[in-house]
Amino acid sequence: MKISEIVDLLDAECLTGTDMLEKEVKTACGSDMMSDVLAFAKDNAVLMTGLCNPQVIRTAEMLDTPCVIFVRSKRPTQAMIDMAEEREIVVLATNHRMFSTCGILFQAGLTGGEK
Amino acid sequence: MEDNLVFEYVVSREDFTRAGEASADVKKKLKALGVPSGVVRRVSIALYEGEINMVVHAYGGNITVEITSDKIIMLLKDKGPGIPDVEKAMQEGFSTASDSVRALGFGAGMGLPNMKKCSDRMDISTTIGVGTEIKMEVDL
Ligand SMILES: Nc1ncnc2c1ncn2[C@@H]1O[C@H](COP(=O)(O)OP(=O)(O)OP(=O)(O)O)[C@@H](O)[C@H]1O
Ligand SMILES: [Mg+2]
C-alpha cells in the first residue's frame, strides 16, 4: 500500500515528507515501547505509536522505517519533525487511537509481517 | 591491523533526547562504507539498545566501534551501578526501569536479549558500583 493511502484511510495529517507519499509499505508495527519495536518490527515497517519523544524518530532511523504515525492526536515537536525530515522519514498524525489505527490498516491489507 | 577503522564516542547521560547519536553516526558510516544492509541493521539495533541502557541505567560512558576485515567490534563501557544478576538481566521481560524510563518508551526488558540476538558474540563484564562493559561482535 502507498503511504498516501494510509493518509486517506486514517484521515491523517502529513507533518513532513509530503513528497514521499508514493512509497510502498507492506508491514506495520504498533507499540509505545521502543525496545519492543526494535525487537519485533520487520524491515521497512510503518511505525505506529502513542509515544511522543525524539527516540521515536531515532528508533525509526535505526530500523529504516519509512513512515511514523503518531496516534491519538499526539503532536511531535518541531525538533522531532525536523529530525524526521533530515532522515527522509514521513511523519503522520491521526486522531484515531492505537487499536483503531491498527484495525483500519490491517483491514486495508497491511500485516505485522509474521510468518 | 593498522587498516582497521576505529570510531570513538562519549555518551552523556545529561540529555536523553541525544541518546542514540553515537549509534546513528555509526549507522551512517557503515552505510557509507558499503557494509551489507543486514549487518548495518543488526549493528545499529544492538548498539542503540546498548547506548540507551548506558543512559537510562548508568551514568553514561564510552563507545568504541572497530571495523576489521571480517567483523565489527563494539565496546560499550559505562560508569554506573553494574548489573547484579546478568543471567536474569538477559531474560526477555526482565527490567528494573523506573516509571520515568518507561514513560520515555523504554523498560520492556527487551534490550539485552535483542542485543544478543543481533550480534554473533556478546560478552558482559560488570562490577557492582563501578560499571558495565559490553563487547559485541557482528561478523561481516
Ligand atoms: N548498562 C547497564 N548498567 C546497569 N544496569 C543495566 C545496564 N544495562 C542493563 N541493565 C539492567 O538490566 C536490565 C535489563 O536490561 P534490558 O536492556 O534488557 O531491558 P530494559 O533496559 O530494562 O528495557 P528495554 O531495553 O526493553 O527498554 C535493566 O532493567 C537493568 O536492570
Ligand atoms: Mg534496555
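In strand 2 of chain B, Val65(B) is the bridge partner of Phe7(B). This pair, like everything shown in these views, belongs to a predicted model.

**View 1. Strand 1 and strand 2 of chain B run antiparallel and are joined by seven bridges.** The view takes in strand 2, which spans residues 61-67, and includes a bridge between Val10(B) and its partner Asn62(B) in that strand. Helix 1 of chain B packs on the sheet, where it touches strand 1, strand 2 and strand 3 (71-79) of chain B, and the direction of this helix makes about 160° with that of strand 1 of chain B.

**View 2. A hairpin of three residues leads from strand 2 to strand 3 of chain B.** Among the residues to look for here are Thr64(B) and its bridge partner in strand 3 of chain B, Leu75(B).

**View 3. The five strands of chain B form an open sheet in the order 1-2-3-5-4, with antiparallel pairing.** Strand 1 (5-11) and strand 4 (121-127) of chain B stand at the edges, and because each has a single partner strand, one side of each is left without a neighbour in the sheet. From one strand to the next, the twist averages 10°.

**View 4. The contact between the two chains draws 27 residues from chain B and 21 residues from chain A.** Chain B and chain A bury about 1900 Å² between them, and 55% of this area is on carbon and sulfur atoms. On the side of chain B, the residues that lose the most area to chain A are Lys27(B), Arg41(B) and Tyr48(B), which together make up 30% of what that side buries.

**View 5. A salt bridge joins the side chains of Lys27(B) and Asp64(A), at 2.9 Å from N to O.** Four salt bridges are found across the interface of chain B and chain A, and 15 residue pairs, with both residues at pLDDT 80 or more, are in polar contact across the interface. Helix 1 (21-32), helix 2 (37-56), helix 4 (99-103) and helix 5 (111-118) of chain B each supply at least two residues of the side that touches chain A, and helix 2 of chain B gives the most, with six residues. Sorted by class, that side of chain B has 11 nonpolar, eight polar and eight charged residues.

How values were computed
Residues numbered from 1 in each chain as written. Chains lettered and ligands numbered in written order. Predicted model: local features only at pLDDT ≥ 70, side-chain atom pairs only at ≥ 80, totals over all residues. Heavy atoms only, no water. Contact = heavy atoms within 4.5 Å. Buried area = accessible area lost by both parts, 1.4 Å probe. Polar contact = N/O pair within 3.5 Å; in protein donor to acceptor, adjacent residues only side chain to side chain. Helix = DSSP H or I, 4+ residues; strand = E, 2+ residues; numbered from the N terminus. Nonpolar A, V, L, I, M, F, W, Y, C, P; charged D, E, K, R; others polar. Pairing = 2+ DSSP bridges. Axes fitted to C-alpha atoms, helices over the stretch in contact; angles between N-to-C directions.
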